[in-house]
Amino acid sequence: MNRTLFFVAIATTLMTSGLWFWLFEDTPPGELTTKEVVPFATYFGGIMTPIIAFLSLMAFLRTLGQQQELMAQQEEHLKQQQSQLVALENGAKKADLFQVIDRLDQDFEKLTKDKVIRLSRLQGADVATVYDLLNEVGETNWKGAIPDRSKFGEFGDRIMGSFEESKPDVLEPLSIWRVAYVAASMLIQLRLYLDEHDRIAGSTALTEYYISKYQVAYYHLADKHYLEVEDMPDAIQNGPHLQ
């Protein structure tokens, strides 16, 4: 557009000068006297000054518009960079959260699978791990093998130390109580990390996987009062075991 304004200015100048010599002045431009130049200058300035001012204003507005467009493009580019940065940060957070969740899962399995419980013959099996009992459907073994949280209270670790050598009949259920207590804490942490992961990822796929894996364990631990209902993932807080 600036080039267009330049050509308009040139054309206007030539046209204005040409009209003067065509309508008012018969003397060729090269033969004008000082007396004849003065009215021409007055005529030329009177016509060209507002035209030049108008063209200058148009050029200024055009330049201003270009600057605004450039600023808008830069702002959009900055927003895109910020979005990319947020996406990268969220990706890193998701990766970190996934590692923590996976580690919790492994620790939970190790803790509960390492603890082997000797069952009575009436319970239909010789031994079972806490992991097996927490994921057992029905009430065949877990109901009687895992003590209620209230059996030893919050000071079970102290009790365990005092009975460690003298009362093995108390030590066994207490050790099961301790494993169940720690396992419940892990599942609470798992739920919190899953909630944060879902928020960042915008998907509940990972939570759904762990719900399918540990839904029964959540129910059993809640039934034994190691967990509150609000400690569970939202999708299973109204499960049939809690009715």
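The model is predicted, with local features needing pLDDT of at least 70, side-chain atom pairs counting only at pLDDT 80 or more, and totals for chains, interfaces and linings using all residues. Residues are numbered from 1 along each chain as its sequence is written, and side-chain values use heavy atoms, leaving out hydrogens and water.

Start with T112, in helix α2. Helices here are DSSP runs (H or I, at least four residues), numbered from the N terminus. T112 is buried, at 0% relative accessible area. Buried means under 20%, exposed over 50%, and partly exposed in between (1.4 Å probe, protein chains only). Beyond its neighbours within four places in sequence, T112 contacts T129, V130, Y131, L134, V179 and A183, where contact means heavy atoms within 4.5 Å.

Next, select F108 and Y131. Rings of Phe, Tyr and Trp (its six-membered ring) pair if their centres lie within 6.5 Å; planes under 30 degrees apart are stacked, over 60 edge-to-face, and the rest tilted. There are five aromatic pairs by this rule. F108 and Y131 form an edge-to-face one, 6.5 Å centre to centre with 65° between the planes. This pair links helix α2 to helix α3 (residues 130–134), across 23 residues. F108 is buried at 2%, and Y131 is buried at 15%.

Then select Y210 and Y214. Their ring centres are 6.4 Å apart and their planes at 15°, so the pair is stacked. Both lie in helix α7, four residues apart, or about one helical turn.

Terms used: Helix = DSSP H or I, 4+ residues; strand = E, 2+ residues; numbered from the N terminus.
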